[in-house]
Amino acid sequence: MTDQAPVTPELPDSPFHTTGTDHITIWGSNAEDTIAFYRDLLGMPLVLRQPNLDDPSQTHLFFDTGDGRILTFFVGDRPSARGQRAGVGAVHHLCFSVDPDEYEEIMAALEEAGYRYNVFDRGIFHSIYTHDNNGLVIELSADKYEIPNDRRGEILAKAQELREADGAEYAKDEHLRRAIEELGLEVNKHDLPDASAGVGGLE
């Protein structure tokens, strides 16, 4: 059964394999509010602006999320919304990585800009949750430890293995640290603030 599929960083036996995330596109409201949140608050450069090629009455905005991966929005003259509809196929949230050394500054900037937020210790990472101008949940995640991007999947799969061996409900700090150690990598922990642990949501 697929729900019992093994958790592993190895490539599956499938007809082909993706090579990464190229971009994600969101139905946006208007250019002004979208740029104000994603460029002016989150600091994503606006790298391309052109018509939506499927509907030239709309504008297609391209933002660099910080690692060359692109987030785009179709915007028009629509007002920003208050929230999102939940349901199968809907986007639950978007998560962007942030520098652990800037964690306190990020919270201060959100507060100054009038955005409410919650902070959680998610066991294997730290997360700040807020909403964008349309009510979409935005997670800003900081690694607890230095993790090479090319080893991330391998480290998470090892943490999963250790979690299962411990019978733990979810992967915790200790599983991540042990995974890094067992894979022969140096353990360098970031200094992050105390936060509520485990499960929870945005107020």
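Which strands and which helix each supply at least two residues of the lining of the largest pocket? In this predicted model, local features require pLDDT of at least 70 and side-chain atom pairs pLDDT 80 or more, whereas totals for chains, interfaces and linings use all residues. Residues are numbered from 1 along each chain as its sequence is written, and side-chain values use heavy atoms, with hydrogens and water left out.

The contributing elements are strand 4 (70-76), strand 5 (93-97), strand 8 (137-143) and helix 3; helices (H or I, at least four residues) and strands (E, at least two) are DSSP runs numbered from the N terminus. A pocket is an open set of points on a 1 Å grid over the protein atoms alone, where a 1.4 Å probe fits, with protein on both sides within 12 Å along at least five of seven lines; lining residues have an atom within 4 Å of a point. The largest pocket holds about 1100 Å³, a volume being the space filled by probe spheres set on the points, which are joined across faces, edges and corners. Of its 31 lining residues, Asp67, Cys95, Phe96, Ser97 and Arg152 lie nearest the centre.

Asparagine 52 belongs to strand 2 (residues 46-52) and is buried at 3% relative accessibility (under 20% relative accessible area, 1.4 Å probe, protein chains only). Its side chain reaches the backbone nitrogen of aspartate 54 at 2.9 Å. Beyond four places in sequence, asparagine 52 touches Gln58, Thr59, His60 and Phe74 (heavy atoms within 4.5 Å).

In helix 4 (residues 173-182), the buried residues are Asp173, His175, Leu176, Ala179 and Ile180, and these pack against helix 3 (152-166).

Conventions:
Buried means under 20% relative accessible area, exposed over 50%, partly exposed in between (1.4 Å probe, protein chains only). A polar contact is a pair of N or O atoms within 3.5 Å; within protein, one must be able to donate a hydrogen and the other to accept it, and residues adjacent in sequence count only if both atoms are side-chain atoms.
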